[in-house]
Amino acid sequence: MPGPVGFAAGLDQVLMDLALHRLGVTLVLDRSEVTGDDGSGHTGPWDLAVLEAAPARSTAGPRDAAGAAAAVEAIADTSSRAVARAAPAAPVAAYGDSAPRFGEFRRRHVTELSDQEHQQAAGRLRELAGHSNLTLLTAARDMPLSHAAVLAEWLAEDGDREARLPDAGPPEPTHTDEPTRTDRAPRRPGYRAAASTAVADLNAGALAFVMGTGIVSTALYVNGAGTASAALLWVALAGFAVLVPAYGWRLLCHRRRFVADLLEPRAFAFLTLAVSSNVLAARFVPQGHTAVAGAFLAFGALGWLVLDYGIPLALITSLQRGPSFDQVNGTWLLWAVGSESVALAAASLARVTSSQVLPVLAVVCWAIGLVQYLLVATIVLARLLARPIQPEGLMTSVWIFMGAAAIAVLAGVRLIALPPGGALLSHQLIAGSPVVLWSFSSRLIPLLLALGAWRHLVRRVPLRYELGWWNIVFPVGMYAVATHEQGRATGTGWMTATGRWEIWVAAAVWAVVFAAMVGRLAAAPLSGRAGTRRRSGAGAPR
């Protein structure tokens, strides 16, 4: 039964069976807007108003994908309250309730669940469904032809979702007086299926892990901690050796999703491929491994050249996106970081070789990176100041604001150390820029810390590991190395001493984030197995 009447029919169950017993059950309302194209009876605000009568209840109404992801995280923390979440309506009205057209709707809805914008929230729902009972509540007229039925089927299946038949008909009809549930146990995937799913869902910025680990390894090396530096270098190399082929595998086997990621505003995250390679190149130079450093620089410079032009070109010419100022985010600053990383690796290698090309390449990329930083920083800052920011949408990528300035400082210091006459710019012209950039990046640190405190302490957004944490490790490590090297280049003792202290802070941040990542990876399969055992036990799910 559609609309308010349909929800009112189940309100008694919400009050008597869920709320009064303090059961941790999640209710997902499929209509959060005032009305839908299929009739004015679908009024999400009415449903939410009625739910105010339920005791021990928490309600969330996310406005976008980031808000939905934060709501899912909050739901995961809730063990003794009934939670209602109003979700944006699925495009059922675009296809109507016609069974012959359901196949196309189903295909598009599954694709939407797997795209970059929704995969974090959808993945969290899949994780919750894997180890507990998840209830989906819908106000659709025809349950078998609703998006709730598609979502229930998607949550209950494992393996590669792209292997499904796109034109499959509607699922078998179910009893429409009860919510759609995901109680049946999913098939346990093998290692090959799990690897395929992991590659299909690989984040465009996954190599941020290598970036952060590589720069902290460099920081420890300049601080004299050779053993710890070597250990982190091997960790970074292992990550690089695993993730780069995974990118290639995703491009070959999941090309549609790979290309879709290149056509969205977070596409700049792909530049972590080039940046990580160049950071490793700069790390190998001090130990005399010039051939290895040259190979990493060649790979990184080629990746930078392709992505530095390809990503903006794809975004400008694509007709498959809805341009919005709200889509601007901190990952755009990787456009500048990519150029500066080439400058850093080239300048580091030029100090130990007689190449005439490397100094020119370093200066050109350094200058390009400065201009890119000024342009993109203006856009990102305007976005933060001109548009409202929800705490759930305040991403860790804003730390790249500071990291992009810090890597320009370090690249500038490396350029100053080159013999005069080999570069296009004089040392006097270059020398002042690192000081200005270091001062600006230093000023950003209290602001970034305050924003983090507001997000997690004031607005109580759950502090859980996510890949974006490496967007903090890299700037902190880069700033520490830049401070140390700037002090040594200018003969400023207090700056060098401060840099040494900051290096240990960067190492501690890396250790915390790495431990959180390992814990998250270890907990995922254990929770999945526990959920499977719980569902296969003697007690029937409610």
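A: Start with Phe-474. Beyond its neighbours within four places in sequence, Phe-474 is in contact with Met-211, Gly-212, Ile-215, Val-275, Val-279, Val-337 and Ile-407. Keep in mind that this is a predicted model.

Q: Which residues have the most contacts inside the largest nonpolar core?
A: Tyr-373, Trp-470 and Phe-474. That core has 109 residues.

Q: Which helix gives the largest share of this core?
A: Helix α15, residues 400-416. It supplies 13 residues.

Q: What about another core, apart from it?
A: There is one of 11 residues. Among them are Leu-125, Leu-134, Val-150 and Trp-154.

Q: Zoom out. How many helices and strands in the protein chain?
A: It has 18 helices and 5 strands.

Q: And what share of the 542 residues is buried?
A: Buried residues make up 48%. As for contacts with a separation of 6 or more, 80% are between residues 24 or more positions apart.

Q: Now aromatics. How many pairs in the whole structure?
A: A search finds 15 aromatic pairs. Take Phe-258 and Phe-270: their ring centres are 5.0 Å apart and their planes are at 50°, so the pair is tilted.

Q: Why does 50° count as tilted?
A: Because planes under 30 degrees apart count as stacked and those over 60 as edge-to-face, with the rest tilted.

Q: Where do Phe-258 and Phe-270 lie?
A: Phe-258 is in helix α10 (residues 255-262), and Phe-270 is in the loop between α10 and α11 (272-284). The pair therefore ties together parts 12 residues apart in sequence.

Q: Are those two buried or exposed?
A: Phe-258 and Phe-270 are both buried.

Q: What does Phe-268 pair with?
A: Trp-335. That aromatic pair is tilted too, at 6.1 Å centre to centre with 50° between the planes. It links distant parts of the chain, 67 residues apart. Phe-268 sits in the loop between α10 and α11, while Trp-335 is in helix α13 (residues 334-350).

Q: Trp-335: buried or partly exposed?
A: Partly exposed, at 21% relative accessibility. Phe-268 is buried, at 5% relative accessible area.

Q: Which residues form one aromatic cluster?
A: Phe-209, Trp-470, Trp-510 and Phe-514. Trp-470 also came up for its contacts inside the largest nonpolar core.

Q: Switching to Phe-299. What does that residue touch?
A: Phe-240, Val-244, Leu-273 and Ser-277, leaving out residues up to four places away in sequence. Phe-299 and Ser-277 are 22 residues apart in sequence, and 6.8 Å apart C-alpha to C-alpha.

Q: Where is Phe-299 found?
A: In helix α12, residues 290-317. Phe-299 counts as partly exposed, at 36% relative accessibility.

Q: Last one, backbone. What is phi of Arg-460?
A: Near 55°, a positive value in a residue other than glycine. Most residues other than glycine have a negative phi.

Q: Where does Arg-460 lie?
A: In the loop between α16 (427-458) and α17 (470-490). Arg-460 counts as exposed, at 68% relative accessibility.

Notes: Residues are numbered from 1 along each chain as its sequence is written. This is a predicted model: local features need pLDDT of at least 70, side-chain atom pairs count only at pLDDT 80 or more; totals for chains, interfaces and linings use all residues. Side-chain values use heavy atoms; hydrogens and water are left out. Rings of Phe, Tyr and Trp (its six-membered ring) pair if their centres lie within 6.5 Å; planes under 30 degrees apart count as stacked, over 60 as edge-to-face and the rest as tilted. Helices (H or I, at least four residues) and strands (E, at least two) are DSSP runs, numbered from the N terminus. Buried means under 20% relative accessible area, exposed over 50%, partly exposed in between (1.4 Å probe, protein chains only). A nonpolar core is a set of buried Ala, Val, Leu, Ile, Met, Phe, Trp, Tyr and Cys residues joined through side-chain atoms within 4.5 Å. Contact means heavy atoms within 4.5 Å.
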